[in-house]
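Hi,

Here is the structure I promised to pass on to you.

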Amino acid sequence: MVDDVEGVVLASVSRRAGAFVLDVLLLLMFFGFLFFIGLGASDLFVGIVFLIISTLVMLVYFSYFEGPSGGSTPGKYYLSLMVVDEKTLKPPSKMQSVTRNLLRFADLLPYFVPGLLGLIVMLCSDKNQRLGDKTAKTIVIQKKA
């Protein structure tokens, strides 16, 4: 259900999930490129380096796009969504953005059903917030047309 908070429309869980899928597809293209140039070799050390690089890329990607630069990743932008501070309704600060995205890894638990914890938390939240949003005090809203 989409709620109205202070004159703004909260993003639905399904639209947020759609935006996340679009962003993950973009990231997978990048990771595929890294794999193609050799970082996906079967060597254990190279695999660990690839895992660290991909984790950092994901953190930087979401933190940069969802931060003060505008509040929307390409997936959120395409679906007219925006991350905002829940009090000021402005794009989150750098610290808020990093905080909410560090907790994305917790929201993705359990990894055998990625995102199940985040989905359950969002469905139980009156503002459709995942753990990262609650901690960083952010919400995701539908942009006005």
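Below is what turned up when I went through the pockets and the surface.

Before anything else, keep in mind that this is a predicted model.

Let's start with the largest pocket. Its volume comes to about 320 Å³, and 18 residues line it. If you want to find its centre on screen, look for Ala17, Phe20, Leu108, Gly115 and Met122, which lie nearest to it. Sorted by class, the lining of the largest pocket holds nine nonpolar, two polar and seven charged residues.

Next comes the second largest pocket, with about 200 Å³ of space. Helix 1 and helix 2 (44-66) each supply two or more residues to its lining, and helix 1 gives the most, with five. What classes do the lining residues of the second largest pocket divide into? Eight are nonpolar, two are polar and none is charged.

Now for the outside. Phe112, Val113, Leu116, Leu119, Ile120 and Leu123 make up a nonpolar patch on the surface, and together they have about 570 Å² of accessible area. One of them, Leu119, sits in helix 6. Leu119 counts as partly exposed because its relative accessibility is 36%, and that class runs between the 20% limit for buried and the 50% limit for exposed.

Terms used: Residues are numbered from 1 along each chain as its sequence is written. This is a predicted model: local features need pLDDT of at least 70, side-chain atom pairs count only at pLDDT 80 or more; totals for chains, interfaces and linings use all residues. Side-chain values use heavy atoms; hydrogens and water are left out. On a 1 Å grid over the protein atoms alone, a cavity is a set of points where a 1.4 Å probe fits but cannot get out, and a pocket is an open set with protein on both sides within 12 Å along at least five of seven lines; lining residues have an atom within 4 Å of a point. Grid points are joined across faces, edges and corners, and a volume is the space filled by probe spheres set on the points. Ala, Val, Leu, Ile, Met, Phe, Trp, Tyr, Cys and Pro count as nonpolar, Asp, Glu, Lys and Arg as charged, and the others, Gly among them, as polar. Helices (H or I, at least four residues) and strands (E, at least two) are DSSP runs, numbered from the N terminus. Patches are made of residues with over 30% relative accessible area and no salt bridge: like charges are joined within 9 Å, nonpolar side chains (Val, Leu, Ile, Met, Phe, Trp, Tyr) within 5 Å. Accessible areas come from the Shrake-Rupley method with a 1.4 Å probe; for residues, only the protein chains shown count as cover. A salt bridge is a side-chain nitrogen of Lys or Arg within 4 Å of a carboxyl oxygen of Asp or Glu. Buried means under 20% relative accessible area, exposed over 50%, partly exposed in between (1.4 Å probe, protein chains only).
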